[in-house]
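Here is a model to walk through with the structure open beside you.

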Amino acid sequence: MNLLLDSINELFAPATAAFALAAIGLNFHFGLTGLLNMGHAGFMLLGMYGYAISTSRGAPIWLALVIAIVVAALFGLLLGWPTLKLRGDYLAIATISAAELVRYLGRSNTLQSLTGGSTGIRGNDFKFTFEELSPLPDENITFLFWTRHGSLSSSWWLVIVAWVAVALFALLYWQLARSPWGRVLKGIREDEDAVRALGKNVYSYKMQALVLGGVIGALGGVLWALGGSVQPDSMGRPTTFWIWTLLLLGGAATVLGPIVGSMIFWMSLVLIKGLASAFIPSSVLSPVEIEPFSLVLVGITLMCLVIFRPQGILGNKRELAFND
Amino acid sequence: MTNRVDRRVLLRALVVLVVAAAAFVVLTAMGSPALAAGTDTAVTHAVAGSGEAAAHATQAGTIIHAEAAAPAEPGDNRVVQQLVNGLVFGLLLALASVGLSLIYGTTGLSNFAHGEQVSLGALLCFFFTTPQPVSLPLLPFEFTIGLPLFPAAIAAIAVAAGTGWLQDKFLWSPLRRRRVSIVQQMIVSIGLSLAMLNFIQWWFGAERQRLTTSIDERIDMGLFSIGISTLWSVAISLVCLGGVAYFLMRTRTGRATRAVSDNPALASASGIRVDKVVRLVWMMATGLAAVGGILLALYDNAAAFDVGARLLLLMFAAVTLGGLGHPFGALVGSLVIGVAVEMSTLWVGTDLKYAVALGILILVLLVRPQGILGRAERVG
């Protein structure tokens, strides 16, 4: 019973919302435009750094958000410039390298006083501006079965803000995907040359999609950081792969796919860990082994999804987004 | 190959370089005013990084040791020493990247799970050689194998090559038969890499494991010093690479491999059994990755479950630099990357040395996406 409540708690946890938001960003890249961005965690990490560093240096919350957005947009521009003309697998290698580059720079001792090195930035250094805005009382609140603090760390306040943000950006995706702009992007995904023949500037459209998706990813990173701390190693390649898994799980190129995918992904992680520790004796699977075991399952899920059901749960088979 | 240099491309490269350099300067100015103190700070920085994961700390520790020891002995030269270290590292890296390049050449797949093959090789060798009791995942009993290092390495390489065979037989070859697109296959390989990485962690734990307890004796060569077992590693790696070169250039199957690389359909039409060749390539690639993993584990004193994951992007950098799908390009690229990575520690902190390689990769993609040896072709 507790396990069930825990997994339902995970359904609306801030981390779920943060990953859903990041996945919406990736959906702009991959679902809409067909860009193979394998460095989404880099965008998230840059957003986190932009927000946390500027807040800890005294910037108000709106400025910190603007800085996070600008940093991510610049990263997208810089990254897209050389790579968007290349074939898909080159783009994947370039983006994954750029994201790792950001992580290496962030965790290096050279930038210790700015980024906090490999230990990152403590939550208390940058969360206060957001927590001060909370209208909720400053105490633990129990809603139905779940208790969270009203406004501190991964609080009800963060839950509300995070899901409102997810809803807004899902709405934005829905509107943009059916706008003329979105139709051009879908055209690029299906047949780039055909769109080019129609006189559209493919490169510029791809760049717009890359920057927009990256900025949304960065905001997802900010949400993630507000629930915990800025830790460069939490935004390594596995994070990118998780986002891919949950996007493909929910269904790429759908409005609700990233959200459903994120919910199922996090809930099943909690469920698997709970069930494994409850039913598999610890002589077979010791507690420290449960984490890697569940992530093995994530990897296998990703493989099976791509092979057997590339359109995911909600996707449309005809709108397959895998093109060379 | 066009000799005409595209001016726009150069301009683009220049602007990105300037922006990156400016960003780096600004960040370092804000981040660490002490950087101006030069290379000594790099050492202290590395010492200060006690918060790093144990794996990194030990690695940094060995490097600091080498750096600290270098000025003490007369006749030692840090530049030459790092150059030699870089060449050694590049040669060992080449073992892994040649396989990656062969797979790309014959199947078109950028195999993101190749890094895990490297870790798997190193840790399988540990599995066979350690005198401590070991266990298999999901089996609740322990047993001791404890082979000597050399037979253990052979066994590890054989098992690793076996995983290559299994992968191709049960995963990649059915996917090719179903005409699953290359992009989809690439994402499958990413899923495989995630699964294997965590499987290896589950199996061997997160600690760094030592393959051997003996301490490497270093011999002084005047300008630089090098370990005796490192010399052996270099020799083994040269023999392996030479073997691959001989196989590709002189044997019948090797020619068939190159034919498949050039044009699978044509090769198939001229009677080459493409699937056989590809399966052989998979076994070779995974076997070579295991050799590379074992030698790198000996070179670094230890191996952890994520050693290959950290090397994967260096391999991609090397392969791209040399030209995707050219095995000899991968060798050249690995040497360049190895030297660049090790030489860069003269100027930047040791924890940034992999970042340098990734920077080179992005620059290469800017200026010459087809690599050093690649043909000029449209890649976009």
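**From one alanine to the chain contact**

Setting aside neighbours within four places in sequence, A:Ala15 is in contact with A:Trp224 and A:Trp266 (contact means heavy atoms within 4.5 Å). This is a predicted model, where local features need pLDDT of at least 70, side-chain atom pairs count only at pLDDT 80 or more, and totals for chains, interfaces and linings use all residues. Residues are numbered from 1 along each chain as its sequence is written, chains are lettered from A and ligands numbered from 1 in the order in which they are written, and side-chain values use heavy atoms, with hydrogens and water left out.

The C-alpha atoms of A:Ala15 and A:Gly220 are separated by 9.1 Å, though the two residues sit 205 residues apart along the chain.

A:Ala15 belongs to helix 2 of chain A (helices are DSSP runs of H or I, at least four residues, numbered from the N terminus). In helix 2 of chain A, A:Ala22, A:Gly25, A:Leu26 and A:His29 meet A:His40, A:Phe43 and A:Met44 of helix 3 of chain A. The residues of that contact comprise four nonpolar, three polar and no charged (Ala, Val, Leu, Ile, Met, Phe, Trp, Tyr, Cys and Pro count as nonpolar, Asp, Glu, Lys and Arg as charged, and the others, Gly among them, as polar).

Now for the partner chain. The contact takes 56 residues from chain A and 65 residues from chain B. Across the interface of chain A and chain B, the rule finds zero salt bridges (a side-chain nitrogen of Lys or Arg within 4 Å of a carboxyl oxygen of Asp or Glu).

Terms used. Helices (H or I, at least four residues) and strands (E, at least two) are DSSP runs, numbered from the N terminus.
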